[in-house]
Amino acid sequence: MSSLRRRKPINESSDSKHNEEEEDEDHDDVDADGDDDVNGKNKKTPSKIKKKRGEKPPKQPKWSCMDTCCWFIGCICIIWWLLLFLYNAMPASFPQYVTEAITGPLPDPPGVKLKKEGLEAKHPVVFVPGIVTGGLELWEGRECAEGLFRKRLWGGTFGEVYKRPLCWVEHMSLDNETGLDPCGIRVRPVSGLVAADYFAPGYFVWAVLIANLARIGYEDKTMYMAAYDWRLSFQNTEVRDQTLSRIKSNIELLVATNGGRKVVVIPHSMGVLYFLHFMKWVEAPAPMGGGGGPDWCSKHIKAVVNIGGPFLGVPKAIAGLFSAEAKDIAVARALAPGFLDNDIFQFQTLQHVMRMSRTWDSTMSMIPRGGNTIWGGLDLSPEEGNSCAKKREKKNETQIADQAGSENAVCKAKSANYGRIISFGKDVAEAPSSDIERIDFRGAIKGHSAANTTCRDVWTEYHDMGFAGIKAVAEYKTYTADSLVDLLHFVAPKMMARGTAHFSYGVADNLDDPQYKHYKYWSNPLETRLPNAPDMEIYSLYGVGLPTERAYVYKLSPHAECSIPFKIDTSADDEDTCLRDGVYSVDGDETVPVLSAGFMCAKGWRGKTRFNPSGIRTYIREYNHLPPANLLEGRGTLSGAHVDIMGNFALIEDVIRIAAGASGEELGGDQVYSKIFNWSEKINLRLDEEIPVHSSR
Amino acid sequence: MASVLRFRKLCYVESAVKCTSVGYESFEIDEKLDEKEEDVLSANNFALEINKKRKLPKRQPKEWRCLDSCCWIIGYLCTTWWLLLFCYHCLPVTLLRVPELPGPGVRLKREGLTALHPVVLVPGIVTGGLELWEGRPCADGLFRKRLWGGGSFTQIFKRPLCLLEHLSLHYETGLDPQGIRVRAVPGLVGADYFAPGYFVWAVLIENLAKIGYEGKNLHMAAYDWRLSFQNTEIRDHALTRLKSKIELMYISNGYKKVVAVPHSMGVIYFLHFLKWVETPPPMGGGGGPGWCAKHIKAVMNIGPAFLGVPKAVSNLFSAEGKDVSYIRAMAPGVFDSEILGLQTFERVMRMARTWDSIVSLLPKGGEVIWGNMDRSPEEGHVCDFSKKSHSKTSLTTNNVNNSDVKRGFLVKDLANYGRIISFGKPASVLHSSKLPTADSKEFSRTSTSENFNNFSCGEAWTEYDEMSRQSIQNVAADKAYTTTTLLDLLRFVAPKMMRRAEAHFSHGIAENLDDPKYNHYKYWSNPLETKLSDAPDMEIYCMYGVGIPTERSYVYKLSPNSRCKSIPYQIDNSVHGEDGSCLKGGVYFADGDESVPVLSAGFMCAKGWRGRTRFNPSGIATYIREYRHKPPTSLMEGRGIESGSHVDIMGNFALIEDIMRVAAGATGDEIGGDQIHSDIIKMSERINLGL
């Protein structure tokens, strides 16, 4: 009541002030009210009154700060509503009209363009989303997640991350021992195209591609999103959800209902590995496999169009597992930087995130494969001589600041030792290998840490290591791809024990060895053969021209108790060797280095090799990154970044042409901007079946 | 000089800042400042600034106008609202949760039930979502957005004509019009909620999830409910997909048979599927004669419209059916408003008439089932619903009549339910001998060529426009129609629609089921013209609500306004029966679930398929589970946990429990066999059908 009374009199009294000048006689009661109010105000804001006393008659009403605020907010609200109304009232084509008025006519989206050319839907299309881009929803949860049944925990707005972070982390984690559901929690992938069309509102993943495919006649019956729970190891998606069986059945259905036309599969990011696993699984006999018989792939698949495929893993995964610092493996941090990196919470959030992501087997599928043979030893790496200056030529100035720094650096002959994926200290990263004194950590005894009791419930395996273990790790100084796997075994034995049951990171010596029938090798292209499907085509489509994390300089974390003991040494910079903020970068699509995305198609599977016995044709299509020319373009139609490339018009056009029946040659064969062929040649990997040479492993 | 310039710049910046809050005042300020500038050329800027700042607040109160007050109030309200919203979001979630009754899922989980048989849900008409895949320019930006169901219907308000155009099908083919592709929303989201907060399958899904169901053993067989059943296969391969899905779930869940749960029209869709799947290609799915026996454990029909619903008649005849054309119910403001009202009914009617599926809901079985001029199976039904089951809180619009009904002793004018449409009340009560005989052969379209107003009116034509005044009146002169003559009537008033739709549906009774013509797909969805598949272990449940007055037959009149393009007939809602009669507002009511009369829902399970009959040669066990309607006792219950109405029954706990028990492995006898509240057995006995 009092507030009501206060509000009214102010208005009236202020009005009355107007009147005072013209007619002095006011209604008594109004005046009285006004007086009351003014008195009240006076009491409340004496300081203000004092200031203004010199010039103002004391009777005059004042705006308190509150009123001004209210007024201001009111104004903003009204304007906002007005704009909202106008926005809703305007015709849907208006934004496009404005854009065209400013930038000139936009190029037709590829779908429209190709429809005019007369292309029509031909081959059914299967999408295989990558890690983190697929939505997950809750089917059964603890009490704290009440009301979230069938709501998205992952993808969408992430509202729950903010509202009940601990609950969310608990539900997103898997069981630490089995890598499957914890007791009483069932989080399942969202199914259908909605699973991964948008990751968050407005942040497209597959939506642009879907929309363009729809233009030439694709619809639900000819498109299928092979959504899977990307947290699980690949074989576990079959064990728990029968996802692989579903994909098999759906592909068979697509082929059957579309007049026997084979499907075009479009995996993205980790989906590439997942589909590789699927192709082996489907031809392997039951119970381990799908029992589709040896010619299932050649009967059902026309082409596999891999987008940004980390065939050989990504160095980012290492940083993610080692210290939870990779950028998009732990997207949670990127999404909620204010919250998760905030000083108050930082104490535990990183550990929470790390603990959560370490329960996800799938992150281990991205650990670099092929060891030193592929990724380079202490002194040699295929990318040797890569100069950061190369990128500068291609890029214009609009590049975002943090990237610009590393590129504009004029690199000289001195080159980074990319093979040392993790080095402790910048000096170690640069020193010739003979100068580095390494103390083997493998035998080191892990101390018993007292931290376990004091660090509340946040548990990472680092707590079991103790100081001695941590010190031993740091004293080994530098790690190559081979020793990295050992390192991870050392720092996170339980996780790796779980992971190595599902994934393998080596290079096969003899692919006929019966051990390679086990499913853990199926997702490693260096330890499996491609299916026998000579008519199939494999494409590798990826962006180039963005600096991509390749190797890290680490340091010991200053406070070792209750936190992750290692972190990237962000102070390490070296303009000569592409080192920036403790990260050596090479060419790539910001997540996957060119080497990983392109090597298999450039060399490993090119022609008839032991990995590709039936000679499946491979094509490399690179897309040079160009940042969006202006803000109106959003994330750009020429982008080459890992996820944004899904909106790249050139890529979409290629995909549509393939789906409409074109072959690799008709598309224009290889399209290469990077030095992938040079680098591939430097890799000494035996491709011939006959000659048994001992590989570096 | 430089300092002066700097000062001016500063002033402008200042005044610009002020502009944002004080608006038009800035000009004055500028003038003032200019004056001052001359006065104090050498004065330091800082002092001036202060001076200016002091001056401004003094002026402000004078500008306090109505607009400002508005702003102030709105600002105040917004702030409060945000504050409350903030508080609301800050509260722990558990505090806000309304203490819900533990659903049957929780209880049955405690009993130890776990998911056993995979479950397939088959949604009914209008409840499934539809989304746009390709459209005209007017539907820009709606790609893969829902046009129907699921989300809010905001688009209907924003561009109603565009939406109607996109939701209509081609009038000749019953398929997509050129350049428009609207498809069913796949997955559970397709029909879990019809509109936000208005559940359809969501409650059932949630309870099933409690005992362990999830994506891999729960499937929503979404299909485009506007199409005829066979066309969903031709256009979308919906039946093939369903078959493949069932086979997959059967295999991947350890060779456990599937429990199908169709609702409303989904029931006859699934009936169609069962025939289709065993028929050899190209017409059928080629699953072979043992497919159903191998893959299906039970079909649990909810609110089955086996023999059609009279509502479909009024919908097709005059677009007046209540929930078949949900649009009107959803957006009454727009469609019934005077401004747009001119043509909305006609447009809605035109749209509904392009949907083949509505024809599938016309009453089947003719006079044998639905009664003739003088007799009907429901004969003697007394409309005392309210006394038995309805409390006054019931919100249904059509039972107002019953709220103060007298004791149900014998009433003079027993309803002649058999006359589904009568023109004028007398025609509905008089003995048939006193009525002119309705001979359909008399219908003639001789005067169609005299169609005079086709060009003068808007574009929303219906087939009525092609009829002359004379033939319109002829129709009314025939006075009363039974189910059989009704079809002739519809063929007369809408020949194109019926020609199109009758290629897909049939409404008769088979004399001899072995006649090879019954292999055609148009008979598959009519339980009276098909045999059930040979699956002796299968079970068929008929689960429906009773205790709600349900439209059964109508009293029509000629529409008073002979304006062009209007529908010439409308329900005569001025006709009321005496107390206790079942006639109210021009509609005769019978027992049912508000949409489907008991007769249609229960007859097949009660008699047509009971035991070994010619329709059910392998003797599939049938069970009737009726649920008496009880309106929600309090607002907290929402749409009620004991509701028996057509859609709300999906939230009925007793029904959910039955479904869950069967899904977890129970048989019909284990859940208690038949459970009958209505007179369905008696009614069925009166029907003279050779079995």
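**A helix pair in chain B**

A: In this predicted model, H6(B) passes H26(B) in a right-handed crossing. H6(B) covers residues 104-111 and H26(B) covers residues 653-663. Two packed helices are described by the angle between their axes and the distance between the axes. Here the axes come within 10 Å and cross at roughly 40°. H6(B) and H26(B) are therefore oblique to each other, since angles under 35 degrees would count as roughly parallel and those from 65 to 115 as roughly perpendicular.

On the side of H6(B), the contact is made by Pro104(B), Gly105(B), Arg107(B), Leu108(B) and Glu111(B). H26(B) contributes Phe653(B), Ile656(B), Glu657(B), Met660(B) and Arg661(B). Sorted by class, the residues of this contact are 5 nonpolar, 4 charged and 1 polar.

Among contacts in chain B between residues at least 6 apart in sequence, 76% join residues at least 24 apart. The accessible surface of chain B comes to about 28,000 Å², with 58% of that area belonging to carbon and sulfur atoms.

Another helix of chain B, H11, spans residues 238-252 and holds Ser244(B). Ser244(B) has a relative accessible area of 13%, so this residue is buried. Leaving aside residues up to four places away in sequence, Ser244(B) touches Ser249(A) and Leu253(A).

Note on methods
Residues are numbered from 1 along each chain as its sequence is written. Chains are lettered from A and ligands numbered from 1 in the order in which they are written. This is a predicted model: local features need pLDDT of at least 70, side-chain atom pairs count only at pLDDT 80 or more; totals for chains, interfaces and linings use all residues. Side-chain values use heavy atoms; hydrogens and water are left out. Helices (H or I, at least four residues) and strands (E, at least two) are DSSP runs, numbered from the N terminus. Buried means under 20% relative accessible area, exposed over 50%, partly exposed in between (1.4 Å probe, protein chains only). Contact means heavy atoms within 4.5 Å. Accessible areas come from the Shrake-Rupley method with a 1.4 Å probe; for residues, only the protein chains shown count as cover. Axes are lines fitted to C-alpha atoms, for helices over the stretch in contact, and angles run from 0 to 180 degrees between N-to-C directions. Angles under 35 degrees count as roughly parallel, over 145 as roughly antiparallel, 65 to 115 as roughly perpendicular and the rest as oblique. A crossing is left-handed if the near helix is turned anticlockwise from the far one by less than a right angle, and right-handed if clockwise. Ala, Val, Leu, Ile, Met, Phe, Trp, Tyr, Cys and Pro count as nonpolar, Asp, Glu, Lys and Arg as charged, and the others, Gly among them, as polar.
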